[in-house]
Amino acid sequence: MQRPKLQLALDMLDLQLALDVVSQTQSQVDVIEAGTFLCLSEGMKAIRSLKSLAPEKIIVGDVRIARAGRNIADMAFDAGANWVTVVGEAPLETVEAAVRVAETYKGEIQIELNDDWTAEQAKAWRELGIEHVIYHSTSEVESVGSGWSQDGLDTLNKLVDLGFKVTATGGIHQDVIPSFADIPVFVFIAGRAIVKTTEPLAAARSFQVAIAKTYV
């Protein structure tokens, strides 16, 4: 089973703070996310600055496109994003427009799933060339760990069976990683569990240790 990547989510408003965190942790993360709040606060400068600081890393522009797929995707990819997010509620024509832009930049589109996504939608996304989906846990269910229910884990496996590379997010911390041992997660997203610590580098390193121990 392929070892999952670790994605650092930067959901703060201050770009300099985000860059400081990346400077400390980039040796231990695989993917760096310009979070939605950061993109709204700082614009495409956030993506551009992260790419400049960490050019070898995968950069995510978490702009959560709902409409205007071509224009927004072009802005994010042009700024240096490798992956750009589209919400699951977006019309198929919006998704398709974003995918076409992604192809010109040799980038990829990720679908952020809502609670009501259907197998029909998933099939349509796959037909458009979507390979990545992002699945969020909810803290309002009986948890396996920090909001991850057995239903949530089963959903991840269902998405894998549908042919997607799955990103897991929401309540991801080091101790919950072993719960995913039988699931080929493509990316784990960690935000506060790294950013809000006094030692972000050590926190990121401990995530990589947990992933390595789980996916041997």
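Setting aside neighbours within four places in sequence, Ala34 touches Leu10, Cys39, Ile47, Leu50, Val60, Gly61 and Asp62. This is a predicted model, with a mean pLDDT of 94 for the protein and 95% of residues at 70 or more. One stretch to treat separately is residues 140-145, where pLDDT stays under 50.

**Ala34**
- Ala34 sits in strand 2, which covers residues 31-34.
- Its relative accessibility is 0%, so Ala34 counts as buried.
- Ala34 and Leu159 are 125 residues apart in sequence, and their C-alpha atoms are 25 Å apart in space.

**Aromatic pairs**
- You'll find six aromatic pairs in the structure.
- Phe77 and Tyr105 make a stacked pair, because their ring centres are 5.7 Å apart and their planes meet at 15°.
- Phe77 is in helix 4 (residues 69-78) and Tyr105 is in helix 5 (residues 92-105), so this pair ties together parts 28 residues apart in sequence.
- Phe77 is buried at 4% relative accessibility, while Tyr105 is partly exposed at 32%.
- Phe180 and Phe188 pair up edge-to-face, with 5.0 Å between centres and 75° between planes.
- Phe180 is buried at 0% relative accessibility, and Phe188 is buried with a relative accessible area of 0%.
- Phe180 and Phe188 also belong to one aromatic cluster with Tyr135, Trp148 and Tyr215.

**Surface patch**
- Leu13, Phe37 and Leu40 make a nonpolar surface patch of about 370 Å².
- Leu40 lies in helix 2 (residues 36-42), and with a relative accessible area of 68% it is exposed.

- For residues 140-145, the model has 11 contacts beyond four places in sequence.

Methods
Residues numbered from 1 in each chain as written. Predicted model: local features only at pLDDT ≥ 70, side-chain atom pairs only at ≥ 80, totals over all residues. Heavy atoms only, no water. pLDDT = per-residue confidence, 0-100. Contact = heavy atoms within 4.5 Å. Patch = residues over 30% accessible without salt bridge, like charges linked within 9 Å, V, L, I, M, F, W, Y side chains within 5 Å. Areas by Shrake-Rupley, 256 points an atom, 1.4 Å probe, with all protein chains shown as cover. Salt bridge = Lys/Arg side-chain N within 4 Å of Asp/Glu carboxyl O. Helix = DSSP H or I, 4+ residues; strand = E, 2+ residues; numbered from the N terminus. Buried < 20%, exposed > 50% of the residue type's maximum accessible area, 1.4 Å probe, protein only. Phe/Tyr/Trp six-rings, centres within 6.5 Å; stacked < 30°, edge-to-face > 60°.
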